[in-house]
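Hi everyone, thanks for coming. I'd like to walk you through a model, so please have a look at it while I talk.

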Amino acid sequence: MNEKINYEQLNGLDLAYYGDAVYEVYIRRHLLAKGITKPAKLQRESKKYVSAKAHAALYALIEAEGIYTETEQKYFKRGRNANSHTKAKNTDVVTYRISTGFEAVFGYLGASDQTERFEELISWIYKQVESGRTVNHGTTK
């Protein structure tokens with residue numbers, strides 16, 4: 001794909017819009033590669049990665065471990081602080097804003113063609129979810 005996105009000019013919501021899409025493609029591919037093929041199970045498992053609560057739990061771990069670079073943290077804040085005119089579904093405003101920031105980081109990484117870093121973070125996320133580390137942060141029972 002030769003189309004370049006001027007990510008530096010995008011607002012936080014635009015970055016989150018793009019980040020949500022590219023992140024979810026990775027998660028879906030991962031779940032299918034694990035051999036999960038039943039739609040109900042795919043949906044249930046994907047929630048551990050793609051829900052606002054999952055994003056907030058993962059961000060808590062990212063913050064605690066200092067995973068984001070300074071630039072990634074800047075893009076997180078751009079997404080988190082963006083003025084969204086949509087209401088959060090099934091979650092509170094704070095969790096929704098953290099989720100938007102989380103997605104904005106993936107939007108930034110995807111739009112700036114930082115595939116290696118994107119995949120490094122995705123691999124780290126797989127490990128956190130699959131080892132149960134997000135359980136303590138309210139994403140799974």
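A word on the ground rules. This is a predicted model, where local features need pLDDT of at least 70 and side-chain atom pairs count only at pLDDT 80 or more, while totals for chains, interfaces and linings use all residues. Residues are numbered from 1 along each chain as its sequence is written, and side-chain values use heavy atoms, with hydrogens and water left out.

Let's begin with the rings. A pair of aromatic rings is described by the distance of the centres and the angle of the planes. Here, rings of Phe, Tyr and Trp (its six-membered ring) pair if their centres lie within 6.5 Å; planes under 30 degrees apart are stacked, over 60 edge-to-face, and the rest tilted. Searching the whole structure with that rule gives 12 aromatic pairs. Take Tyr-23 and Phe-102: their ring centres are 5.3 Å apart and the planes sit at 90 degrees, so this pair is edge-to-face. Tyr-23 belongs to helix α1 (residues 12–33) and Phe-102 to helix α5 (residues 93–111), so the pair ties together parts 79 residues apart in sequence. The helices, by the way, are DSSP runs of H or I with at least four residues, numbered from the N terminus.

Are these two residues buried or exposed? Both Tyr-23 and Phe-102 are buried, where buried means under 20% relative accessible area, exposed over 50%, and partly exposed in between (1.4 Å probe, protein chains only).

Phe-106 and Phe-118 also pair up: with ring centres 4.9 Å apart and planes at 80 degrees, they are edge-to-face. That pair links distant parts of the chain, with Phe-106 in helix α5 and Phe-118 in helix α6 (residues 115–130), 12 residues apart. Phe-106 and Phe-118 are buried as well. Put together, Tyr-23, Tyr-26, Phe-102, Phe-106 and Phe-118 form one aromatic cluster.

Now to helix α5 itself. Of its 19 residues, 15 are buried, so α5 is largely enclosed by the rest of the structure. From first C-alpha to last, α5 reaches 26 Å, close to the 27 Å expected at 1.5 Å a residue; that expected span is 1.5 Å times one less than the number of residues. After α5 comes Asp-113, with a positive phi near 60 degrees.

On to charges. Side chains of opposite charge can pair when their charged atoms come close. I call it a salt bridge when a side-chain nitrogen of Lys or Arg is within 4 Å of a carboxyl oxygen of Asp or Glu, and the count comes to 7.

One of them joins Arg-28 and Glu-24, with the closest N and O atoms 2.9 Å apart. These two are 4 residues apart in helix α1, about one helical turn. Arg-28 is exposed, at 52% relative accessible area.

Another salt bridge runs between Glu-65 and Arg-133, at 2.5 Å from N to O. Glu-65 sits in helix α3 (residues 52–65) and Arg-133 in the segment after α6, so the pair ties together parts 68 residues apart in sequence. Glu-65 is partly exposed at 38%, and Arg-133 is partly exposed at 34%.

Finally, Arg-117 bridges to Glu-72 at 2.7 Å between the closest N and O atoms. This links helix α6 with helix α4 (residues 70–80), 45 residues apart. Arg-117 is buried at 14% relative accessibility, and Glu-72 is buried at 2%. With Glu-120, they make a network of salt bridges.
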